[in-house]
Amino acid sequence: MIAKAEMEASEIGLIETALEGWRVRTTEGANKKNEYVQLCEAACKENKVFQFFKQDRRYQEILEHVELEVSMAALERIGNLNPQIIQNYKKYLINDFLGAPTTYNVKWKSGSPLAPEEELELSNISLSTIRYMKVLSDLVALFGDLENFNIVEIGGGYGGLATVICQEFRINKYYNIDLKWPAKLAKKYTRILGFENFISLEPPQIDSFSSRLNGDAIDLVISNYAFSECNEKTQDEYIEKIIARAHRGYITQNGSNPRAKRVFGEIKKTKEDLFIFDYDVTNRRHPIFTFGADDYVGTRENKLHED
Ligand SMILES: C[S@@+](CC[C@H](N)C(=O)[O-])C[C@H]1O[C@@H](n2cnc3c(N)ncnc32)[C@H](O)[C@@H]1O
């Protein structure tokens, strides 16, 4: 059925190699994704591009486009779960040192019983850093201490979430799997910031991932708006080779409800305790799929909202 609209780059006459597994439905979408990959390549090769990559329109089509209202909603959620992450926000500002992001002074007024009536101005912070702080807060609420974990992130962008998580916990190994040039950009970014245990891999390398782990566990798999943007074949490979082998998981699932339902069903086959922890703070309310949160005492939804 044509209405399924699950087109591959090759079907619309584009060369897919640069977008390995990234789902494209229109020529315009494919062009934006190709431009993003090209910009990542330029930022890897030329320091003058790297210095300002977060300001580049081609980058902002894919990442670095968080809205102020979304950040305010994220702060409210963090305040309800882990206000100390907001109180200690300065340690996450390292994520704004590189790539010249647009930064803001953002006021937070707590309505949380954990920090009653507290008010704070977060100075010179990017809205993306706030978004990553929200993910960190969710991870702490779900899994507690991540100290010494081996983490795999699928589609980690420039490594912003890794940077924020590494301010909080000593991570044993942080594997980021992304397309060639975004993966290299994340490696460059984290290397400059001094994270030696950050390893960038490209999608074909997941075939040999088990031997790379050399018996180590995958303590946590994370993917925000990346695994969910892959085509079905690639998603199924990630489920088999990474997600099924991970002890814990946190996956923000953007995309249509039927696609989210399919993925929920496929992951559930290997992770019986899969549940919907929450919906993200955008208007679209994307579900956050979670498993392995044994000690989490909050509600565990099992059914997706209908569109
Ligand atoms: C919308 S961005 C999200 C980036 C990051 N997770 C974040 O939340 O800021 C989507 C990411 O998925 C990556 N990606 C695309 N195809 C991929 C694939 N087959 N495997 C892993 N990552 C992929 C893109 O390069 C990009 O970094």
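A: Let's start with helix α4 (residues 68-81) and helix α6 (residues 127-143), whose axes come within 9 Å and cross at roughly 30°. Helices here are DSSP runs of H or I with at least four residues, numbered from the N terminus. An axis is a line fitted to C-alpha atoms over the stretch in contact, and angles run from 0 to 180 degrees between N-to-C directions. α4 and α6 are therefore roughly parallel to each other; angles under 35 degrees count as roughly parallel, over 145 as roughly antiparallel, 65 to 115 as roughly perpendicular, and the rest as oblique. The crossing of α4 and α6 is left-handed, a word used if the near helix is turned anticlockwise from the far one by less than a right angle, with right-handed used if clockwise.

Who does the touching? On α4 the contact is made by L68, S71, A74, L75, R77, I78 and L81, and on α6 by L127, I130, R131, M133, K134, S137 and A141. Two residues are in contact if their C-beta atoms, placed from the backbone, lie within 7 Å. By class, this contact of α4 with α6 has 9 nonpolar, 2 polar and 3 charged residues. Ala, Val, Leu, Ile, Met, Phe, Trp, Tyr, Cys and Pro count as nonpolar, Asp, Glu, Lys and Arg as charged, and the others, Gly among them, as polar.

A quick word on the model: it is predicted, so local features need pLDDT of at least 70 and side-chain atom pairs count only at pLDDT 80 or more, while totals for chains, interfaces and linings use all residues. Residues are numbered from 1 along each chain as its sequence is written.

Now stay with α6 and look at another partner. The axes of α6 and helix α7 (residues 160-168) come within 9 Å and cross at roughly 55°. That makes α6 oblique to α7, and the crossing of these two is right-handed. Here α6 brings S128, T129, Y132, M133, V135 and L136, and α7 brings G160, L161, V164, I165 and E168. The α6 residue M133 turns up in the contact with α4 and in the one with α7.

Stepping back, the chain is divided into domain 1 (9-60) and domain 2 (68-291), with bounds from an automatic or database domain assignment. Their centres, taken over C-alpha atoms, are 21 Å apart. The contact takes 16 residues from domain 1 and 14 residues from domain 2. Helix α1 (residues 27-45) gives the most to domain 1's side, with 5 residues.

α1 also packs on helix α8 (residues 180-192): their axes come within 8 Å and cross at roughly 35°, in a left-handed crossing. V37, C40, E41, A43 and C44 of α1 meet W181, P182, K184, L185 and K188 of α8.

Last stop, the ligand. Of the 21 residues around it, G21, W22, G155, G157 and A226 come nearest, where being near means a C-beta atom, placed from the backbone, within 6 Å. Both domain 1 and domain 2 supply at least three residues each to this shell.
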